[in-house]
Amino acid sequence: MSDKSHDPNQMTGAAMIVRALIDHGVTDIFGYPGGAVLPIYDEIFQQSEVQHILVRHEQGAGHAAEGYARSTGKPGVALVTSGPGATNMVTPLTDALMDSIPLVCISGQVPTHLIGNDAFQECDTVGITRPCTKHNWLVRDVNDLAKVLHEAFYVATSGRPGPVLVDVPKDVQFATGTYHPPRKSDVHRSYAPRVKGDATQIRKAVSLLANAKRPVIYSGGGVINSGPEATKLLRELVEFTGFPITSTLMGLGAYPASGKNWLGMLGMHGTYEANMTMHDCDVMLCVGARFDDRITGRVDAFSPNSKKIHIDIDPSSINKNIRVDVPIIGDCGNILGDILQVFKAEAKKPDIKSWWQQIAQWRARNSLYYKKSNDVILPQHAIQSLFEATRGRDTYITTEVGQHQMWAAQFYGFEEPHRWMTSGGLGTMGYGLPAAVGVQVAHPDSLVIDIAGDASVQMTMQEMSTAVQYELPIKIFILNNQYMGMVRQWQQLLHGNRLSHSYSEALPDFVKLAEAYGAVGLQVHKPGDLDGAIKEMISVKRPVLFDCRVAALENCFPMIPSGKAHNEMLLPEQANDEATAKAFAGGKALV
Amino acid sequence: MNQPASAYFIEERHDPNETHTLAVLVQNEPGVLARVIGLFSGRGYNIESLTVSETEAQKHLSRITIVTTGTPMVIAQIKNQLDRMIPVYQVVDMTQTRRSIERELAMVKVRGQGEHRVEALRLADAFRARVIDATTESFVFEITGNTDKINQFIDLMRPLGLVEVSRTGVAAIGRGPEGM
């Protein structure tokens, strides 16, 4: 026997993959087996350190890994086979790229000698996933595998986090080579994200903030990605300066919704006070957000009279949509710390009493107003009831995409980061149910609720089977209005009320469907029964499909008609037919 | 025209377009060129010229020279988007530094007889183009220079029997003793 056979670092490619997962502290992965990953599944079978969750569709594995990542701050891991396994991952990878979620996907590939031959279940996985990953690799030599796997974890979690994919041909999984634990030299020398902010820029920012008369802080998902320290410092900055703060959809929870400086979410369905404050401010501090088009509305009318400070770890976010005056590139936790330090040492906080008086007037417009009914459940009311019933509990919320998502953002108050999992950038219907699976795996004893719509939830409904198999007591709270509500809302506002294919005909009986999966089905029609039913849902220790029948034609307001400015919001009480017609005049372009 | 109702239609900035030459130093590994090109097509940037070759074999470094056009904001985006790619070491805007030399090589095939043939040779001489292939009825000229000079030469050859052109695209390097 040669010496090499005694070397514990000599192992097959498949064994290296499992070993690398363990070395990176991975305890749970989401996947689906197939021909090109069988050696890896064989290794998984023979160990107990990494738990594998079998999903029902690879898209579910990706979203579950995203939910896992967003709720823990750790990378999510998905394992899929070649060909369709890999192509089914394209949506979650893109979703994770848009929302900066650390995701490591390992895909099987046909053996190296068959690559390019149109082999069975072959596809150009690295080609297909190149634009939807932060980086990807095809490993052709088993001796490169350890290095690539370690680099994959580093790239996914450092700098601006994002999804990565490692494509491993089957012969590389079988081949024996040398493994090594993670080390610095595994990473491209060309990759070195900047963490520390430029001191001169930080001084400039503090000087602007200290002289502001009408300041606002606009925070985003970057604060949450940066970690608990960034959240703590953001709260400290708000506390110290007394500035008003709003946040993007992705940033909810970084500042508590019960905080006195909280303006609510901004953007297309943000509050009136948040958007007016953004529009009229004289100094804007953007922390870890990217001036997305759902936030800015019309760019040439976006906050026209303000000096803008932009903190972002990704230089390509600077001046992409909105020109800013003081860009600061680096990690937002790090930079917030520096700003606070310089502010406290060298500047006085400005007097902004009259600004708060102005904001109070905007708040008084009560832009989230809706009219409750005794006969029919209003979706906003359903979310508020859910919020009240879960307040103070250890709760995680995921959502699908559409009206219910916006109502959840408006009416569910998030007090902590990592509690809110939603598909912001890509807007992936079908995200919430598998994401809830992932969150529940990470937090087995917590209450995990997917606030869903009747249309979205059917896109990944098959993962109910996963939830039942692993006894994950996720709650799928469906606001069932029998429409693709947001599509219908746009059709009503922009397309002459021609409701083209936005009605959910032939909906399944969700209660029976739940029972068919071996889960619990609940249905509620009347406002009076809502609280009791929610209580029951929470107390059941099994997966629940909750069919909440809500007012079918309720629409989501306030709203900045797309292409309008922040100060041209449509408030709920104004949203009669004439006003909406006027607000949306001149265009039929659906976004 | 009425105000469009979609945010996607209001990107109406009228900054003038500029042409920039970017030198991009990358790790020479499979797929790196596809990443760079994919970025341009995926985000709708222009490529006017692109050259790529390994420049330091031991270190596996390749240099990509890209000529692109866009508004100043778009050019800045392109640089930042390139720079954040994992295998990209450095992006230098050769146009912004204003201290760079740009060269391109073209091979130009011209077919003709009599006065046209003499005129083609005479012009080639004036442009310092070399004859690298000749038959009794054709020449292949090799010409090196900046893009304008080559365009001008090709325009002059057109009426004299231009058959085809093969160009390398632009390569650029900074003046002075310093490297990139």
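Visitor: Which strands form the open sheet in chain A, and in what order?
Guide: This is a predicted model. In it, 6 strands of chain A line up as E11-E10-E9-E12-E13-E14. The pairing is parallel.

Visitor: What holds strands of a sheet together, in general?
Guide: Backbone hydrogen bonds pair them, either parallel or antiparallel.

Visitor: OK, back to this one. Which are the edge strands?
Guide: Strand E11 (262–265) and strand E14 (326–329) of chain A. Each of them pairs on one side only.

Visitor: How many degrees are neighbouring strands turned against each other?
Guide: On average 15 degrees, direction ignored.

Visitor: Which helix packs on the sheet?
Guide: Helix H12 of chain A, residues 272–280. H12 touches E9, E10 (245–247), E11 and E12 of chain A. The direction of H12 makes about 105 degrees with that of E11(A).

Visitor: Zoom in on E9 and E12. How many bridges join them?
Guide: There are 5. Strand E9 covers residues 215–219 of chain A, and strand E12 covers residues 283–287 of chain A.

Visitor: And which residue stands opposite A:Val216?
Guide: A:Met284, in E12(A).

Visitor: New topic, the whole chain. How many helices and strands?
Guide: Chain A comes to 23 helices and 20 strands.

Visitor: What does the C-alpha trace span?
Guide: About 85 × 60 × 45 Å along the principal axes of chain A.

Visitor: What share of the residues count as buried?
Guide: In chain A, 56% of the 591 residues.

Note on methods:
Residues are numbered from 1 along each chain as its sequence is written. Chains are lettered from A and ligands numbered from 1 in the order in which they are written. This is a predicted model: local features need pLDDT of at least 70, side-chain atom pairs count only at pLDDT 80 or more; totals for chains, interfaces and linings use all residues. Two strands pair if DSSP finds at least two bridges between them. Helices (H or I, at least four residues) and strands (E, at least two) are DSSP runs, numbered from the N terminus. Axes are lines fitted to C-alpha atoms, for helices over the stretch in contact, and angles run from 0 to 180 degrees between N-to-C directions. Two residues are in contact if their C-beta atoms, placed from the backbone, lie within 7 Å. A residue is buried if 20 or more other C-beta atoms lie within 10 Å of its own, exposed if 12 or fewer, and partly exposed in between; C-beta atoms are placed from the backbone.
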